[in-house]
There are 2 protein chains.
Amino acid sequence: MLHLKTPDEVLALIQTEFAPLSDRMEPVPLEDAIGRVLAEDIRATEYVPDFNRSTVDGYAVQAKDTFGCSESIPAILPLDREIRMGEGADFILPEGTCCAVPTGGAIPQGADCAVMLEYTEDYGDGSIGITKAGAPGQNMIFRGDDVHPGKVVLNAGRLLSAQDIGALAAIGCSTVPVARKLTVGIISTGDELVPHQESPGPGQVRDVNSVMLCAMLKAFGLNPVNYGIVLDNAPLLEQTMRQAVSECDAVLISGGSSVGVKDATCRTIESMGTLLLHGIAIKPGKPTIMGNAGGKPLIGLPGHPVAAYFITRLFALPLFGRMMGRTMTQYTISAELTESMGANHGRAQYSCCRLEQRNGRVLANPIRSKSGLITTLADADGYFCIERDCEGLPKGAIIPVTICAGE
Amino acid sequence: MLHLKTPDEVLALIQTEFAPLSDRMEPVPLEDAIGRVLAEDIRATEYVPDFNRSTVDGYAVQAKDTFGCSESIPAILPLDREIRMGEGADFILPEGTCCAVPTGGAIPQGADCAVMLEYTEDYGDGSIGITKAGAPGQNMIFRGDDVHPGKVVLNAGRLLSAQDIGALAAIGCSTVPVARKLTVGIISTGDELVPHQESPGPGQVRDVNSVMLCAMLKAFGLNPVNYGIVLDNAPLLEQTMRQAVSECDAVLISGGSSVGVKDATCRTIESMGTLLLHGIAIKPGKPTIMGNAGGKPLIGLPGHPVAAYFITRLFALPLFGRMMGRTMTQYTISAELTESMGANHGRAQYSCCRLEQRNGRVLANPIRSKSGLITTLADADGYFCIERDCEGLPKGAIIPVTICAGE
């Protein structure tokens, strides 16, 4: 019998037992890269912009040709030519002249400044009056100001966001090296379970976990494979587990509340690899099992949907993130607890809550319920933890809440 | 010429001008409902659980038959029968007897309590000793404790999360009424643009906006349709806009820095419906246009990717959310600004930042850059606003940051 591990011990175990997959990189078109995990650092291979650009509509000049000018005494410069949008400026601006340039247009060599249209006058005779002196570098972006070859634009491990896609487009990264989506097998066990599409008979309940876990994995960017419901039957469970391990990168088994099936899960894990833990000092979710079958994690989740939810979120997803080389970041928001919460059972206690914004404050309304009620999860906006060495939280306590709505 | 509207005025305008689409409901299988917007309140039509259940392995009894028992004087009850997992309990427990029941198993009529196995002894002669008195209702979930017919389990407008999927599975909602994904046309304009897959020639730059906007819309749960790059040419732009409006629920036009194209966008909007605004008191993003063509929004975004990003995020997505009937919730996290930021130009100023967690504090490092640099966006974790009536923020100020990483 293994002793209960604390949540921190479980997270440390994940780091030491499982490594990022060595074969995880796959190239995808930039159009499909949103929400994928970057598998390599992305370095620019060119200059952005590739030419000196004006940031205003106006005239490119040599700043020194405008020094000392004013509205009453404009600097009068012959117009050398007009540069249009999308045209190159592959010439040298003759000293003492100017050329018209639009916002974003190319600025020729020789020019070191753009003067805004507002501070100019077109005399119509081929010469332009400049009424405000420019300074070198003014209203210009220089070649490579944004990106130069070799610059790391995005780091490996990042979950690609829309703005990252924009940056990759700008540097011409049309094919992106991302971590392939892990394939994760999902098995539900329990003689009482019927598929959620069916009406439960006497003593039966719908299988909630497999469809919920599929959704969680999908939202995390993985490929779930649902192996359906397996009866509380050790040989059948072993057979399904072996099939799932051979076809997937990882396996989640939920339920199996009977002692026989729990033992069968442990025995199968031991026959396939190493049993890493049996029990976490957490509520809900204590009867959790974790094993390693040749680098593939097998996790035995509790049957209660609320417990299965928390164990997946707190341990399985970070583990899958680790295998994909994903940098895991979790931000919390501060909220004010609307009721006191007791907790003195020596386990870290996780509770769901609904958040409410009122007069600039964020209130966390804990969702209380008996063990295993699925409505504990419904409509939850986030969750918070009462640490194992904490006896409870008073009403009004400011607590960090992790958002779990809309994912 | 319309005057600049403040961001709040624009958001109010969106509410008055655009309504949730009346034809937005479409049914999807529960397996595909994650990340979709619920189109109707979901009411339960049955009891969950549908039978009284034990929350422990043990014996179902009438509590009064155990009153006064103890380890030294157990209550001895004949074992009526054993109930297995997944079996109904369609009988009445005879008074003064007990029946064996597993965790989650059905409890028969007549029994009002489950006694944990730990507090019992099987004498092997068909009778069970109970060593600790039970109380009515103890270790039981009653029929309908979780959900009863008519109870609203989830409200319309909610973005469905994995835990919501679990709740829907529990109540047998296998087909979910969700808002259909809006189809949004995307047009990039500018003579200087080349598709991001191509190498820009002299004076050209890659089209960043269309691929970035597609990614933003996809992450928000919409169907983007990319109409590609249209040259700065009024008749061509009008033709493409008319086609996009006829095929889509909304259209985003980005770029068109030339005065001619801006005017063409405005004129086309006016010829197709109403021009609602031309200019927002915001930085970046001031030269924004919005129109309404028969209930379909047309938004002219600035060409700078950073400005296009913010205008889409701050105004276009809430507008699309409104059309889908989505309840928009935005949480912010508190972070400490690592440098002072100036701002005194009378416009709400949005800035990207990188977040860093250090010693339990969250630091916001603002990303400074010249106008239009795409690397302002790359690697950003969030953004914050300096309100228009604020002259700047000191180093160390605690600011609310909206997370934009990983979406």
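User: Where does A:Pro284 lie in chain A?
Analyst: A:Pro284 sits in the loop between β19 (282-283) and β20 (289-293) of chain A, where helices (H or I, at least four residues) and strands (E, at least two) are DSSP runs numbered from the N terminus. Please keep in mind that this is a predicted model, in which local features need pLDDT of at least 70, side-chain atom pairs count only at pLDDT 80 or more, and totals for chains, interfaces and linings use all residues. Residues are numbered from 1 along each chain as its sequence is written, while chains are lettered from A and ligands numbered from 1 in the order in which they are written.

User: And what kind of peptide bond joins A:Lys283 and A:Pro284?
Analyst: A:Lys283 and A:Pro284 are joined by a cis peptide bond, with omega at about 0°. A cis bond also joins A:Val48 and A:Pro49, with omega at about -10°, and A:Pro49 has its place in the loop between β2 (42-43) and β3 (53-54) of chain A. As background, most peptide bonds are trans, and most residues other than glycine have a negative phi.

User: How many residues are in contact between the two chains?
Analyst: On the chain B side there are 84 residues, in contact with 83 residues of chain A. Elements of chain B that each supply at least two residues to that side include β11 (152-154), β15 (205-206) and β22 (332-337), along with the helices α2 (162-170), α3 (209-219) and α6. Among the contributors, α2(B) gives the most, with eight residues.

User: What is that side made of, by class?
Analyst: The side of chain B that touches chain A has 41 nonpolar, 27 polar and 16 charged residues. In this scheme Ala, Val, Leu, Ile, Met, Phe, Trp, Tyr, Cys and Pro count as nonpolar, Asp, Glu, Lys and Arg as charged, and the others, Gly among them, as polar.

User: At what angle do α2 of chain A and α3(B) pack?
Analyst: Helix α2 (residues 162-170) of chain A packs with α3(B) at about 160°, with their axes 8 Å apart; axes are lines fitted to C-alpha atoms, for helices over the stretch in contact, and angles run from 0 to 180 degrees between N-to-C directions. That makes α2(A) roughly antiparallel to α3(B), given that angles under 35 degrees count as roughly parallel, over 145 as roughly antiparallel, 65 to 115 as roughly perpendicular and the rest as oblique. The contact brings A:Ala162, A:Gln163, A:Ile165, A:Gly166 and A:Ala169 of α2(A) together with B:Val211, B:Met212, B:Ala215, B:Met216 and B:Ala219 of α3(B), and its residues divide into eight nonpolar, two polar and no charged.

User: Then within chain B, how do α3(B) and α6(B) pack?
Analyst: α3(B) and α6(B) pack at an angle of about 25°, with their axes 10 Å apart, and are therefore roughly parallel to each other. From α3(B) the contact takes B:Asn209, B:Met212, B:Leu213 and B:Met216, and from α6(B) it takes B:Pro305, B:Ala308, B:Tyr309 and B:Thr312.

Terms used
Two residues are in contact if their C-beta atoms, placed from the backbone, lie within 7 Å.
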